[in-house]
Amino acid sequence: MAVSVDEAVSTGPARDRTPPARRFGGRGRSVLEVALLTALAVVMLFPVLWMIETSIKENRDVYAVPAEFFGFTVTMDHFKDVFVAPDGGRSDLSVAFLNSAVVAGVSTLLATVLGVPAAWAYSRFAVRAKKDQLFFILSTRFMPPVVVVIPIFLMYRQLGLIDSKLGLILIYTAFNVPFTIWMMKGFVDEVPAEYEDAAMLDGYTRLQAFWRYTLPLLVPGIAATAVFALIFSWNEFVFAIFLTSSDDVRTAPPAIAGLIGGTTTDWGLVAAASVVFALPVLVFAYLVRKHLIAGVTLGAVRR
Amino acid sequence: MGTVAVQGLCKSFGKVQALDGVTLDVPDGSFFVVLGPSGAGKTTTLRAIAGLDKLDAGSVRLDGRDATADAPAERDLAMVFQNYALYPRHTAYENIASPLRARRCSAAEIAAAVERMSSLLHIERLLQRRPAQLSGGEMQRVALARALVRRPRAFLMDEPLTNLDLKLRVEMRTELTRIHRSLGATFLYVTNDQVEALSMADQVAVLKEGKVQQVGTPTEVYERPANQWVAGFVGSPPISLLPCHAEGDRLIGAQGWTLPRPRWTTAEDGRPLLLGLRAEDMSVERRGHASLSGELYGLEPLGDRTVVDVRVGTEILKVKARPTVTGTPGEQLQVTVDLDRAHLFDADTGLSLSEAGR
Ligand SMILES: Nc1ncnc2c1ncn2[C@@H]1O[C@H](COP(=O)(O)OP(=O)(O)OP(=O)(O)O)[C@@H](O)[C@H]1O
Ligand SMILES: [Mg+2]
């Protein structure tokens with residue numbers, strides 16, 4: 001989307017670089033594009049702005065009718081409530097954020113450690129029925145989580161994994177490994193196999209050759225893939241709400257959802273928690289934005 | 001020691017049979033050239049010897065020991081890849097040092113070896129650059145240096161000089177032959193350039209469509225090609241081939257000419273043959289009695305000589321002449337043939353019929 005905005009607003013020589021197929025009409029069309037994109041941006045961003053406003057309003061302003069866009073008293077109390085319990089100890093929400101970080105971080109790490117070598121193997125070696133295997137791996141991602149959550153719940157109960165962080169880590173890893181294999185296979189395909197051949201003749205084993213000469217070239221791809229996996233695990237809601245119940249295991253999405261309902265809802269707290277929840281994703285996406293675009297266009301789309 | 005012997009190598013990629021029973025015997029210390037056109041299976045052969053590809057059939061023996069199942073690193077070979085395969089994130093220095101690092105040589109040893117190689121290949125100035133900052137010819141020399149930096153059992157070289165300009169190529173040819181002699185190492189060198197093959201090799205194996213056509217010294221391959229295809233591929237300008245058949249003590253050309261039948265041929269009468277004549281085994285004259293007559297078709301001045309194209313019937317003969325020769329197209333010419341040096345091939349099988357009596 002960022003690309004089309006740039007193209008739409010840029011004029012002069014830059015516009016001439018647009019390939020003919022993507023270029024319909026003249027300048028008038030470009031104004032229309034800008035208008036549409038602006039409208040879209042407003043629609044998309046309004047809830048976000050509303051959330052941010054609510055998180056810094058005092059509770060009486062939150063309920064004010066008509067709503068105040070400007071001129072309300074700014075407060076940071078809700079953010080304090082996110083992290084600190086009324087008695088001064090750690091709040092349930094801050095524990096949930098920590099749980100989310102642990103679960104998302106460890107499952108992403110596991111998915112990367114398992115998925116990258118698998119992707120390398122699928123790219124480099126003649127594996128029997130490779131296409132079928134890859135399709136099977138991908139097909140596990142077609143399934144909506146709700147479909148499998150009941151059987152997994154029953155399995156986890158037998159295994160004693162219900163209401164444990166390990167349980168969530170395992171299920172998120174299982175969901176992220178196929179994705180990692182698919183993304184990374186595209187990146188590995190882009191790295192010529194000859195580097196490894198040369199390294200093996202230099203005297204390295206195949207694994208050393210991969211480690212020394214191929215892996216460093218894959219770092220951007222790994223970063224992009226890991227961010228996607230991290231965001232998936234961080235955002236995941238269905239498994240989290242079904243498979244966990246206690247406050248010291250719960251991740252942030254069900255914990256925040258749990259704030260809504262009951263007799264009164266502290267909307268300021270909900271909004272502040274949501275802002276805190278959204279921040280890491282934004283930061284990560286920003287850090288790897290270059291690789292994200294490269295990852296989407298080069299890694300996943302090819303072949 | 002450094003002998004490489006491969007036996008019955010077969011390798012197919014889907015429907016393409018890249019290697020079809022390749023057998024080669026590379027003696028210790030020899031400069032062995034595999035010569036073949038593009039797509040002949042030269043790279044595939046080297047990769048098989050290096051252990052980089054799995055074979056469908058055949059065996060690889062190194063120093064007499066079966067190495068077919070060995071990993072590349074265990075084979076103790078060095079290879080120059082056709083597309084260089086230089087590590088993109090490493091400087092030329094690090095690329096050249098890689099084989100030594102893999103063998104845990106000391107930093108001092110590495111520095112000395114890299115310096116020796118870089119001065120030998122004139123790449124001292126390039127050592128701190130990355131492959132992306134090098135020209136094709138410079139990359140090729142770095143790739144050569146990476147192979148030559150250590151003393152493996154044998155060197156495998158996949159067209160290591162193709163990307164150099166002519167002057168540098170001729171220089172490097174001499175240089176490589178010199179390096180080969182001074183190391184006394186086994187070189188298995190692959191090329192599609194017959195001049196390289198003829199000028200550098202102790203032994204040449206001619207490869208076509210995954211099959212070895214002939215193995216021999218450069219002289220043998222040039223003077224006694226095993227079949228019509230080898231005769232046509234080796235030699236520049238290419239050998240001229242004239243359809244004919246034997247009749248008693250004469251050779252009758254399909255274009256109406258007659259030549260005495262060479263003593264050495266055993267071909268039966270009436271069998272379709274091809275008479276092979278190299279450019280230097282013929283000469284052109286304006287008049288007088290000669291073997292073949294034709295007309296001037298074109299001149300190719302090459303500096304040190306001129307190739308005269310003579311049209312005999314519908315066939316074109318390429319004849320070597322002095323560089324001063326002149327003429328106008330259409331002019332009548334007589335061609336004298338040195339029949340003792342001519343070649344006869346069976347037109348159906350392509351096999352040489354010259355060997356028997358010589
Ligand atoms: N990885 C591959 N997949 C499919 N076909 C291949 C592969 N590698 C080689 N081939 C085919 O095998 C045949 C031999 O290829 P090879 O690379 O050995 O030729 P070559 O003699 O080295 O040619 P060149 O002089 O052009 O390098 C060719 O027909 C080629 O198309
Ligand atoms: Mg090749």
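Chain A has a mean pLDDT of 84, and 86% of its residues reach 70 or more. This is a predicted model, and pLDDT is the predictor's confidence in each residue.

Next, the interface. On the chain B side, 22 residues are in contact with 14 residues of chain A. The area buried between the two chains is about 1600 Å², and carbon and sulfur atoms give 61% of that. Eight residue pairs are in polar contact between chain B and chain A, counting pairs with both residues at pLDDT 80 or more. Which parts of chain B each supply at least two residues of the side that touches chain A? They are helix H1 (42-50), strand E6 (77-80) and helix H2 (92-102). The largest share, four residues, comes from H2(B). Sorted by class, this side of chain B has 13 nonpolar, three polar and six charged residues.

There is one salt bridge between chain B and chain A. It joins A:Asp197 and B:Arg47, with the closest N and O atoms 2.9 Å apart. B:Arg47 is also among the buried residues of H1(B). In that helix, eight of the nine residues are buried. Just after H1(B), B:Gly51 takes a positive phi of about 85°.

Now the salt bridges in general. Side chains of opposite charge can pair when their charged atoms come close. Over all chains the count comes to 26.

Here are some within single chains. B:Asp70 pairs with B:Arg65, the closest N and O atoms being 2.9 Å apart. Is B:Asp70 buried or exposed? B:Asp70 counts as buried because its relative accessibility is 17%, and the cut-off for buried is under 20%. B:Arg65 is partly exposed, at 45%.

B:Asp346 and B:Arg271 meet in a salt bridge at 2.5 Å, N to O. This pair links distant parts of the chain, 75 residues apart: B:Asp346 sits in strand E20, and B:Arg271 in the loop between strands E13 and E14. B:Asp346 is buried, at 3% relative accessibility, whereas B:Arg271 is partly exposed, at 27%.

In chain A, salt bridges that share partners join A:Glu58, A:Arg60 and A:Asp61 into one network. Within it, A:Arg60 and A:Glu58 have their closest N and O atoms 3.2 Å apart. A:Arg60 counts as exposed, at 58% relative accessibility, and A:Glu58 is partly exposed, at 26%.

Technical notes: Residues numbered from 1 in each chain as written. Chains lettered and ligands numbered in written order. Heavy atoms only, no water. Contact = heavy atoms within 4.5 Å. Buried area = accessible area lost by both parts, 1.4 Å probe. Salt bridge = Lys/Arg side-chain N within 4 Å of Asp/Glu carboxyl O. Polar contact = N/O pair within 3.5 Å; in protein donor to acceptor, adjacent residues only side chain to side chain. Nonpolar A, V, L, I, M, F, W, Y, C, P; charged D, E, K, R; others polar. pLDDT = per-residue confidence, 0-100. Buried < 20%, exposed > 50% of the residue type's maximum accessible area, 1.4 Å probe, protein only.
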